[in-house]
Amino acid sequence: MAAVSLRLGDLVWGKLGRYPPWPGKIVNPPKDLKKPRGKKCFFVKFFGTEDHAWIKVEQLKPYHAHKEEMIKINKGKRFQQAVDAVEEFLRRAKGKDQDLTIPESSTVKGMMAGPMAAFKWQPTASEPVKDADPHFHHFLLSQTEKPAVCYQAITKKLKICEEETGSTSIQAADSTAVNGSITPTDKKIGFLGLGLMGSGIVSNLLKMGHTVTVWNRTAEKEGARLGRTPAEVVSTCDITFACVSDPKAAKDLVLGPSGVLQGIRPGKCYVDMSTVDADTVTELAQVIVSRGGRFLEAPVSGNQQLSNDGMLVILAAGDRGLYEDCSSCFQAMGKTSFFLGEVGNAAKMMLIVNMVQGSFMATIAEGLTLAQVTGQSQQTLLDILNQGQLASIFLDQKCQNILQGNFKPDFYLKYIQKDLRLAIALGDAVNHPTPMAAAANEVYKRAKALDQSDNDMSAVYRAYIH
């Protein structure tokens, strides 16, 4: 949304993150509620709910000027109830500028303890609704109350603070927050690995009120500080998640010096979210369980943007009880999760999913280059594809990357090639042919030879033009 000139009392459409615009009114915040630092924002009371939030000015639009547009794109029942509430407000106001009353609830009092407040929008009619609760809910995110030293943010929304104990622990200042049916677990959560996926996952765990202790194997990664070992994280947390790059990294994290295994004792839980082969994850499960620990594999389907948005798809297998214990965490980081049975099944399914995705990406690149060399418009090809049965966000985003020459990594090319290689090996193990994946793998290997490893997977396009 473009920035607009707004003032106290204006009716607006407010938008937060990936959620649809919602009607509200700019009002005065509670007296003791601090305004977030940074960009200009307004405090908005939303119609049809009991919610209110600070919303950046660029995420606001005037109500009347955009009413018709918004009603066309949002059809949910609760959305219509909110619009009806606005119209009723206008009828009752009769031209008078009336403030909406902010209820003095426990959530409002809780907001006064932190520097910012926000919420998640109710899903639209096209999105799954997990409960029948008609209200939105607040969440809070701030640093710990008495940090000794704060380091550079992992992401713009996430800060790591070193407490007096020297631990690298991240907490929500007030964990009374819930999002829809999500009530944060009271278990202590650990997270190992703050790469493209891990940073977004941790940020969403925090938003939903979880207390998270983090560790990253590369001290300089995104300014994160290596404040403790994996063993120490596991020993002090109830459930520790890990998300690293490949089978070697996953094994080193568990079996290496001061690794996860040294912190495992009866009852400790370990959830590996890395995309690896079934043999690797089975080996890790065996050593964790041998020490009395509980193990779950939970690789995720998605990319950096979906990780930031909390819209990953989680594929889990192993300890069913641990899967249930991770419920609030999975809801915070993903839009859905699947339990696939015994250890190894999630690894296999994840490799198959990424095999399909990687092969499709190679085909997209091949089509765009063929269009170019035969004198056809690449943009027109994309327009045609977007109007047909292949239309998807993935197709559009990756083609736009190519057309704009923007290969900033959202899913590293080197990792999709790794997944193709592991998927081909999976096929070999059961004597099943994977010729399409094998052909795509060769193209990615060519792209890696052209120094595209650390670019986005869409950079496979460059393998066809060199």
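## Strand pairing

In this predicted model, strands β2 (residues 22–26) and β3 (residues 41–46) pair in the antiparallel sense, over three bridges. Gly24 stands opposite Phe46 in β3. Strands of a sheet pair through backbone hydrogen bonds, either parallel or antiparallel.

## The sheet

The pair belongs to an open sheet of five strands, with antiparallel pairing. The order is β4-β3-β2-β1-β5. β4 (52–56) and β5 (60–62) are the edge strands; each pairs on one side only. On average, neighbouring strands of this sheet are turned by 45° against each other, direction ignored.

## Helices on the sheet

Helix α1 (residues 63–73) packs on the sheet and touches β1 (11–14), β2 and β5. The direction of α1 makes about 100° with that of β5.

Helix α2 (residues 77–93) also packs on the sheet, touching β1 and β2. The direction of α2 makes about 35° with that of β2.

## Helix α16

Helix α16 covers residues 435–449. At 1.5 Å a residue, its 15 residues should span 21 Å. The end C-alpha atoms are 21 Å apart, which agrees.

Which residues of α16 are buried? They are Ala437, Ala440, Asn441, Val443, Tyr444 and Ala447. They cover an arc of only 165° around the axis, so they lie on the same side of α16. An α-helix has 3.6 residues a turn, so residues three or four places apart point the same way. The cover over the buried residues of α16 includes α12 (345–373) and α15 (413–429). Just after α16, Asp451 takes a positive phi of about 65°.

Definitions and conventions
Residues are numbered from 1 along each chain as its sequence is written. This is a predicted model: local features need pLDDT of at least 70, side-chain atom pairs count only at pLDDT 80 or more; totals for chains, interfaces and linings use all residues. Side-chain values use heavy atoms; hydrogens and water are left out. Helices (H or I, at least four residues) and strands (E, at least two) are DSSP runs, numbered from the N terminus. The expected span of a helix is 1.5 Å times one less than its number of residues. Buried means under 20% relative accessible area, exposed over 50%, partly exposed in between (1.4 Å probe, protein chains only). The arc is that of the directions from the helix axis to the C-beta atoms. Contact means heavy atoms within 4.5 Å. Two strands pair if DSSP finds at least two bridges between them. Axes are lines fitted to C-alpha atoms, for helices over the stretch in contact, and angles run from 0 to 180 degrees between N-to-C directions.
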